[in-house]
Amino acid sequence: MTTPQLTEGIRPRLEHCRDCKRRWLVQRGFCPSCGSSETEMKDVSGVATVQAVTTVHRSVQPSAIGPAPYCIVLVQLEAVPDVRIMALAETAPAIGGKVQVTRHGQTGAPYLVTSEPTGTFG
Ligand SMILES: [Zn+2]
């Protein structure tokens with residue numbers, strides 16, 4: 001199944017602490033490291049490394065990219081190595097491979113693996 005929304009998307013948006021410079025994925029309004037409330041939201045590159053892949057063969061309802069089979073991919077952001085994101089993919093990327101993750105929609109929309117910058121899947 002080809003999903004037209006995979007052509008472009010919104011880069012990952014992280015919350016940044018102005019005091020200790022830590023970054024995290026889920027918006028909290030305060031820093032989980034130093035407790036500061038001096039935080040701001042910033043977009044970062046979606047280039048990431050695949051750490052794990054699970055193929056879903058059966059699901060109760062279709063995912064954001066369509067019915068099963070689809071893949072759930074755990075990626076580590078290159079720009080912020082301590083942040084990992086769960087994303088959806090139509091096919092399984094290679095573990096250790098580089099991918100691009102983007103979000104299609106507003107806050108709460110799932111992240112999707114939209115391309116593999118360094119080559120093809122496999
Ligand atoms: Zn902090």
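This dialogue covers confidence, strand pairing and the nonpolar core in one predicted model.

Colleague: What should I know about numbering and thresholds before reading it?

Modeller: Residues are numbered from 1 along each chain as its sequence is written. The model is predicted, and local features need pLDDT of at least 70, side-chain atom pairs count only at pLDDT 80 or more, while totals for chains, interfaces and linings use all residues.

Colleague: What is the mean pLDDT of the protein?

Modeller: pLDDT is the predictor's confidence in each residue, from 0 to 100. Here the mean is 85, and 85% of the residues reach 70 or more. Strands are DSSP runs of E, at least two residues, numbered from the N terminus. Confidence is highest in β4, at a mean of 95, and lowest in β8, at 81.

Colleague: Over which residues does pLDDT stay under 50?

Modeller: Where pLDDT is low, the predicted coordinates should not be read in detail. Residues 1-7 stay under 50, and residues 118-122 are also below 50. Two residues are in contact if their C-beta atoms, placed from the backbone, lie within 7 Å.

Colleague: Which strands run in the closed barrel?

Modeller: Two strands pair if DSSP finds at least two bridges between them. The barrel has five strands in the order β4-β5-β6-β8-β7, with mixed pairing. Its neighbouring strands are turned by 50° against each other on average, direction ignored; the axes are lines fitted to C-alpha atoms, with angles from 0 to 180 degrees between N-to-C directions.

Colleague: How many bridges join β5 to β6?

Modeller: Six bridges join this antiparallel pair, a hairpin with six residues between the strands. Ile 72 stands opposite Leu 88 in β6, and Gln 76 opposite Arg 84 in β6. On β6, Leu 88 also stands opposite Leu 112 in β8; β6 and β8 run parallel, joined by two bridges.

Colleague: Which residues have the most contacts inside the largest nonpolar core?

Modeller: In soluble globular proteins, nonpolar side chains tend to be buried together. A nonpolar core is a set of buried Ala, Val, Leu, Ile, Met, Phe, Trp, Tyr and Cys residues joined through C-beta atoms within 7 Å. Buried means 20 or more other C-beta atoms within 10 Å of the residue's own, with C-beta atoms placed from the backbone. The largest core here has 17 residues, and Val 75, Ala 87 and Val 101 have the most contacts inside it. β4, β5, β6, β7 and β8 each supply at least two residues of this core, and β5 gives the largest share, five. Leaving out residues up to four places away in sequence, Val 101 touches residues including Val 75, Ala 87 and Leu 112.

Methods
A residue is buried if 20 or more other C-beta atoms lie within 10 Å of its own, exposed if 12 or fewer, and partly exposed in between; C-beta atoms are placed from the backbone. Helices (H or I, at least four residues) and strands (E, at least two) are DSSP runs, numbered from the N terminus.
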